[in-house]
Amino acid sequence: MKRTEEMPMTEGMHRVKISMSFPLRWVNSYVLSESDGKMTIIDPGPRNSETEQEWNEALADLGLTFGDIHQIVLTHHHPDHLGLSGWMQQMTGAPVRMSTRSRQEADYMWGPDSHINTILPDYYGSHGMPEDKTEQIHEHMKAFTSQITPLPNVTPVEDGEGLNMGGRRWVAVETGGHAPGHLCFYAPESMEILCGDAVLPQISPNISLQPGSDPQPLLSYMEGLHRLGELNVKQAYPGHRNPFSTFNERTVQLLAHHEGRLQKLAERIEESPANAYDICVHMFGNRLGTHQLRFAMSETLAHLQELIRREVVKQEQTPDGTFYFRF
């Protein structure tokens, strides 16, 4: 796989494909170069020895060094985007920029006082997930520590703030849903957007309900899509898959996708009351790996919470403490 690629629509921008796990295979990092040789890195990717070497090779391909890095900008806190930022900050001394809300979420999920390894499996258990599956989730969550260590020192970026990157001014647009505090960066003059995982071509970003985080993630996501859809975008640079020119149409498609999924969940519950795990298996099947099961379970819960908010279904609890959903 070719590691670096010049973006033909934008002078001074290169995409760097950094390896990550199946099924996505790589995350898009972006290098935006200034006329003086300094550069901004967007979302450096997850940390491991392979991805560290990939950055060494990518910078060499571009004729750059770590000393040329002026700032590191993160769209959100997920390990495949934030992971290398602390390591890269140690290598360069460059500031790491992300939203205050996103940094709070990083501390909650990955910080030294985090208990998400226990909280999340217990939460899934209360929604019907079998014990053997929750034990796998517990071990799975531990594996992320090496991918995000060390966490960076962060200089916050606020919604509406302008950043100079690659010789242009980009405005931060904060939304939620996929990740609380997620930032896109919009260049009004050229009508380009660095959209992270807020809007992806071909695939739908995961929308997860997790204890201690956004209590209404699907509502947050759909509100964010409406806001992003109001921007006039000619070219979008996503966190996964390839840059695309149908950003505004894609926001409409994603809204329709989630409305369709809400309808399917409602139809399943109308047939008979069920817990979230049974509904998850009905929607996504029972052959998922642990990582994909976590995504599918939290996405199911996010949609169920939206159905509760809309007063379509009700959540009740059995004597043994398991939650279930009914009309």
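Ser33 has a bridge partner in β4: Met39. This pairing belongs to a predicted model. Four bridges join β3 to strand β4 (residues 39–42). The two strands run antiparallel. This briefing starts with the strands, then turns to the pockets.

- β3 covers residues 26–33, and seven of its eight residues are buried.
- Strand β3 is therefore largely enclosed by the rest of the structure.
- In a regular strand, side chains alternate between the two faces of the sheet.
- β3 also pairs with strand β2 (residues 13–19), through seven bridges.
- β2 and β3 run antiparallel.
- Within this pairing, Ile18 stands opposite Val27 of β3.

**The two hairpins**

- The hairpin of β2 and β3 has six residues between the strands.
- Arg25 in that hairpin takes a positive phi, near 75°.
- The hairpin of β3 and β4 has five residues between the strands.
- There, Gly37 takes a positive phi near 95°.

**The largest pocket**

- The volume of the largest pocket is about 1100 Å³.
- Its lining is made up of 48 residues.
- Closest to the centre of this pocket are Leu24, Asn206, His291, Gln292 and Phe295.
- Several helices each supply at least two lining residues: α1 (49–61), α2 (79–82), α4 (100–110), α9 (247–271) and α11 (290–309).
- α11 gives the most to this lining, with six residues.
- By type, the lining of the largest pocket divides into 20 nonpolar, 19 polar and nine charged residues.

**The second largest pocket**

- The second largest pocket has a volume of about 150 Å³.
- One stretch of its lining includes Met109, Trp110, Gly111 and Pro112.
- Ser114, His115, Ile116 and Asn117 also line this pocket.
- Met141, Thr145 and Ile148 are among the lining residues too.
- Three helices, α4, α5 (116–126) and α7 (145–148), each supply at least two residues of the lining.
- The lining of the second largest pocket holds six nonpolar residues, five polar ones and no charged ones.

Technical notes:
Residues numbered from 1 in each chain as written. Predicted model: local features only at pLDDT ≥ 70, side-chain atom pairs only at ≥ 80, totals over all residues. Heavy atoms only, no water. 1 Å grid on protein atoms, 1.4 Å probe; cavity = no way out; pocket = protein on both sides within 12 Å on 5 of 7 lines; lining within 4 Å. Points joined across faces, edges and corners; volume = space filled by probe spheres on them. Nonpolar A, V, L, I, M, F, W, Y, C, P; charged D, E, K, R; others polar. Buried < 20%, exposed > 50% of the residue type's maximum accessible area, 1.4 Å probe, protein only. Pairing = 2+ DSSP bridges.
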